[in-house]
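Hi,

Here's the structure I promised to send over. Have a look, and my notes on it follow below.

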Amino acid sequence: MTTALFAVAGAVAVASAVMVVTSRRIVHAALWLVVTLGAVAGCFGALHAEFVALVQILVYVGAIVVLVLFALMLTKAPTNPLPNLTTARSPFAAAVAVVLALLLGSGVVFAFGNEKIGTVPAGSANAVGTSIFKTWVLPFEILSVLLLAALIGAIALSQRKKED
């Protein structure tokens with residue numbers, strides 16, 4: 001059952017990720033990103049990593065995608081389709097993506113092909129939280145300052161006066 005749930009969530013994640021990069025409207029791409037990140041959270045849930053799945057939903061779906069949509073709306077980015085920008089190079093980009101995926105996949109297989117994954121002892125949210133806030137507190141603070149700077153930049157860009 002776990003394998004089937006993981007396979008379904010993985011297939012949804014891959015299909016929606018393809019929709020993210022092939023969507024012609026940037027807002028639709030951001031909404032497909034919500035589906036992709038939700039499916040990745042489903043993969044974590046299928047692997048019985050409930051804490052990581054909830055963090056994935058809260059941080060990425062709940063905060064990062066909302067920040068992206070907020071920045072799109074504040075900067076008045078064009079939301080209508082822009083077919084001229086991407087259609088000429090799409091086959092080349094798809095070929096490069098396939099070659100890169102094959103290279104990365106073969107690298108992982110050659111590096112870890114014969115190793116067996118042992119059972120992992122169940123961790124608690126308390127242990128994960130303690131590890132995060134003792135070891136990783138500085139990167140979290142740097143990320144929060146970076147996100148604040150991005151939000152201030154989006155507001156500053158939206159307040160610029162048009163020069164006619």
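A quick word on terms: helices (H or I, at least four residues) and strands (E, at least two) are DSSP runs, numbered from the N terminus. This is a predicted model, where local features need pLDDT of at least 70 and side-chain atom pairs count only at pLDDT 80 or more, while totals for chains, interfaces and linings use all residues. Residues are numbered from 1 along each chain as its sequence is written, and side-chain values use heavy atoms, with hydrogens and water left out.

Overall, the protein has seven helices and zero strands. Of its 164 residues, 13% are buried (under 20% relative accessible area, with exposed over 50% and partly exposed in between; 1.4 Å probe, protein chains only).

Thr36, in helix H2 (residues 26-46), counts as buried because its relative accessibility is 10%. Beyond neighbours within four places in sequence, Thr36 is in contact (heavy atoms within 4.5 Å) with Ala13, Ser16, Ala17 and Val20.

Then there's the lining of the second largest pocket: helix H3 (50-74), helix H6 (125-135) and helix H7 (137-159) each supply at least two residues. H3 gives the largest share, seven residues. By class, the lining has 12 nonpolar residues, one polar and no charged ones (Ala, Val, Leu, Ile, Met, Phe, Trp, Tyr, Cys and Pro count as nonpolar, Asp, Glu, Lys and Arg as charged, and the others, Gly among them, as polar).

Cheers
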